[in-house]
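Welcome, and thank you for taking a look at this protein with us.

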Amino acid sequence: MARTKDIIEITPGADIPAAAFGERASGLAELVTAGMPVPTAFAVSIRAVHKIALRQFPKNPPFAKALEPGRLFSVRRSPAQREWGGPRAVLNIGMNDETRDVLAKSLGKDAANDLYCRFVRSYSIKVARLDEDDLEELVEREFTNGGKDNAKLLAALLEFYEDELGEVFPQEPQVQMQQVLRAMALMWEGTTARILRTARGAPADAGIGFIVQDMALGLGRGESGAGSGQFVSVATGETAPHGRYQSQSQGHDAISGRGGEQYLGKDPRGPSLEENAPEVFDRLKALSVQARNIRRDEVELQFTVQDGEVWVLDAKPADRSGRAEVVIAVKLVEDGLISQKEALLGVAPRSLTEMLHRQIDPKAERALILNGIAASPGAAFGRIVFSATAAQASAAKEEPCILVRPETTPEDIRGMHSAQGILTEKGGITSHAAVIARGLGLPCIVGASDIHLNPKKKTMLLPDGRKLREGDMITLDGTTGEVLQGTTKLVEPDLGGAFNTFMDWADEYRGLGIRANVDTPTDARLARTFRVDGVGLCRTEHMFFEPGRLTAMREMIFADQDVDRQAALDRLLPMQRNDFAELFEVMAGLPVCIRLLDPPLHEFLPQTSEETRTLAEAMDLPLPKILQRREELGEVNPMLGMRGVRLGITVPGIYDMQARAIFEAASKVQKKLGAKVQPEIMVPLVSANREVEVVKGRVDAVAAEVRRATGQVIEYSVGVMVETPRAAIKAGHIAEFGEFLSFGTNDLTQMAYGLSRDDAGRFMRDYVNLGVFSEDPFHSIDLDAVGELVLMAVERARRTRPDIGLGLCGEHGGDPDSVFFCHKAGLDYVSCSAYRTPVARLAAAQAAILDSYAQGE
């Protein structure tokens, strides 16, 4: 294979691959080939830049002959990927006394001296490495003493340069160019640049190319200047001019904030290019359309105007919000510029969260007071409250509130429903607060361990010593994990036609099923609006925390005799049956996976002295007996104790009652609708196949009883939630009785790591920053260990039962990287909070499309 030349003039048809010259140079070549007005340019390869940093300069580069009096050049960065950044451009290379005199004839002496001053300042700072503050002080002093006299300023700058370095400012354009190229190459190779680009996702040894380009000066007697802009709204993706321009300027002057800048289109806030130079505006608009067609994307143009003529310096992808990203993708497909597959691959799945939740207005000021772990996206403001009761009271008064707790428990559910957002001192990405908030669509920040809460005094002490009290207003940004002081302007979600069209395409290409985790019929109705394929996890324990049900549940727990326990369960049966009936009706015709009761019984007991006294009064029991029972049920490590299937085997009446409620509800709805109801009964925390055999036997017996009583034949399945490493290892044996496996990766990760998901937030940030973990394993599935357990279980289970159903119902189901893994692992579906299902649907489509490309389809 022939070697790519290290320096190539960018001419129509020139081969400028991005891998060798960087994305910007490659894109510029496309514009030149299409005939757009681009100043003469030369692409310097990534390999050549690396050599230049080592003082290995190219001999007789193609641009050498162009370095002649009266002609100026710039050097601009062209990294392998645009988002990696790089050193800022150096403009006006080639400026010296002779060129200044040549340009003075066409531009005037003052403009020519201004260009000379610009170059001396830039060269002194970026190449000669002189102190920028000293230079700025000199400029300010000269302007203060003599007004804006560029001739005097130039003399002072040249004198400063000579005094500092003991040599005159270089006059040879070739020397200037060589030194600029080397200085910029060294900047890229430096430690600071390496840190910055690795933070942007680039490898430390990433390469960069350069573009040596003829200067369109931006100064002249006619309309001249520089700016950047796009003709699509950053916020919405709709057609609208957006950008800045400044007359008699260069580079980034228009966005420097020094005054004199104009808006691109008409704007009530100030003057615009459209009003002051309509011919230039119309030409720029036409060039934007041309560049859009070339790049097959909305673009932001960086441009210079020289005597009324527009020159394009770059056409990069237009800035856009997540909301705009979807609208733009759909428009590009409708205009025939890209395919549906390209549109789906071009939108980052997490961008969809901006369309599903309120967000902080990008233009709003952010008074940051605290950082935590971003656990549930979206934004909200409200007054601080420190208890669920206070949150409910606030909601009753229609006052927005933020529930602030050390950590949440199931008894906080009603308060969480009443709040606009949740902030906790403890917890991680899969803590109780995080999981419930995602299900409710509430912004949530957890693991804010730098604060100190005093719920009794109703205060929150911030890291800087400030103290916030109940009633103070704060804003949560659950997308970034930032807590802001006061109220902040929010942008409302917008699920318009573009979103639905886009998701239709995703559904067409994906092969992986996407279900929702729901706890109540209300959750199920929300899930249906997101067009899910069913319910992948219904956590029945959350149904018991309504006040009337909680009392019955506690009576069952405190019963001494079987008859008393059964009486309490009989009271709970119709409540569960009604819940399930409503759930089946909402999800008509779709599978509904119901997890039998999972948490330990002590979670249903009162936690405070006041709650304990209230329970004693309600049950007409002495307070000591309540306290004794609470102590009896207490465990050293309850999350690994009497919970899940262990509870179902030792207190079988609970699972019997739930199974009966499921089958009676299914029979009722199936008869009412005339449509098949598909319950899937999932046994939690299994570690041995005998556990499944015992529970399945009892479930089958209840199903038979209900079938005889109702005459309805319900097609159901009994499966296992794989949460323990042993269940994954023994999946082949468990599959003898389990008709499906659903990986509960929250607990599976917790047990594989020996790591409490509720406490991981205290140190997880440090672990990720130090490279101990590449990513929070509760956020994105750990492929090396947890992923291996899943793959092992899939292979062994299918060996025993080839048609076994396989799913994942942990919160990893809403993480794009984890969805990709599940697609490759051959799972049938993933399940996550309803608000995350669009993200999962898009990720599943992308996984399928990339898989088809890999197979040559």
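Predicted model: local features only at pLDDT ≥ 70, side-chain atom pairs only at ≥ 80, totals over all residues.

Residues are numbered from 1 along each chain as its sequence is written, and side-chain values use heavy atoms, with hydrogens and water left out.

**Around Gln306**

- Gln306 is buried, with a relative accessible area of 16%; buried means under 20% relative accessible area, exposed over 50%, and partly exposed in between (1.4 Å probe, protein chains only).
- A polar atom of the Gln306 side chain lies 2.7 Å from the backbone oxygen of Leu219.
- Leaving aside residues up to four places away in sequence, Gln306 touches Leu107, Ala216, Leu217, Gly218, Leu219, Gly220, Glu223, Ser224 and Trp311, where contact means heavy atoms within 4.5 Å.

**The protein as a whole**

- The secondary structure comes to 33 helices and 31 strands.
- Along the principal axes, the C-alpha atoms fill a box of roughly 105 × 60 × 50 Å.
- Of the 857 residues in the protein, 54% are buried.
- Among contacts between residues at least 6 apart in sequence, 68% join residues at least 24 apart.

**Nonpolar cores**

- In soluble globular proteins, nonpolar side chains tend to be buried together.
- The largest nonpolar core here has 126 residues, and those with the most contacts inside it are Phe502, Phe584 and Leu827; such a core is a set of buried Ala, Val, Leu, Ile, Met, Phe, Trp, Tyr and Cys residues joined through side-chain atoms within 4.5 Å.
- Helix H25 (residues 652-673) gives this core its largest share, ten residues.
- A second, separate core of 56 residues includes Tyr116, Tyr123, Leu130 and Leu157.
- Leu827 touches Leu512, Phe743, Val790, Val794, Leu806, Gly807, Leu808 and Cys822, not counting residues up to four places away in sequence.

**The open sheet**

- Five strands form an open sheet in the order S1-S2-S5-S3-S4, with antiparallel pairing; two strands pair if DSSP finds at least two bridges between them.
- At the edges are strand S1 (7-9) and strand S4 (90-93), each pairing on one side only.
- From one strand to the next, the twist averages 25°; axes are lines fitted to C-alpha atoms, for helices over the stretch in contact, and angles run from 0 to 180 degrees between N-to-C directions.
- Strand S3 (residues 73-79) and strand S5 (residues 208-214) run antiparallel and are joined by seven bridges. Ser74 has Gln213 as its bridge partner in S5.
- Helix H3 (residues 46-53) packs on the sheet, touching strand S2 (41-44) and S5, and its direction makes about 95° with that of S5.

**Helices H3 and H8**

- How do H3 and H8 cross? Their axes come within 8 Å and cross at roughly 95°.
- H3 and H8 are therefore roughly perpendicular to each other, a label given to angles of 65 to 115 degrees (under 35 degrees counts as roughly parallel, over 145 as roughly antiparallel and the rest as oblique).
- Where they meet, Val49, His50, Ile52 and Ala53 in H3 face Leu181, Arg182, Ala185, Leu186 and Glu189 in H8.
- Gln174 is found in helix H8 (residues 173-189) and is partly exposed, with a relative accessible area of 42%.
- Gln174 touches Ala64 and Leu67, not counting residues up to four places away in sequence.
- Gln174 and Leu596 are 422 residues apart in sequence and 78 Å apart in space, C-alpha to C-alpha.

**The barrel**

- Eight strands close into a barrel in the order S24-S25-S26-S27-S28-S29-S30-S31, with parallel pairing.
- Four bridges join strand S29 (residues 740-743) to strand S30 (residues 805-808), and the two run parallel. Leu741 has Leu806 as its bridge partner in S30.

**Around Asp815**

- Asp815 lies in the loop between S30 and helix H32 (816-825) and is buried, with a relative accessible area of 1%.
- The side chains of Asp815 and Ser818 are joined by a polar contact of 2.7 Å; a polar contact is a pair of N or O atoms within 3.5 Å, and within protein one must be able to donate a hydrogen and the other to accept it, while residues adjacent in sequence count only if both atoms are side-chain atoms.
- Asp815 also touches Arg350, His779, Ser780, Ile781 and Arg836, not counting residues up to four places away in sequence.
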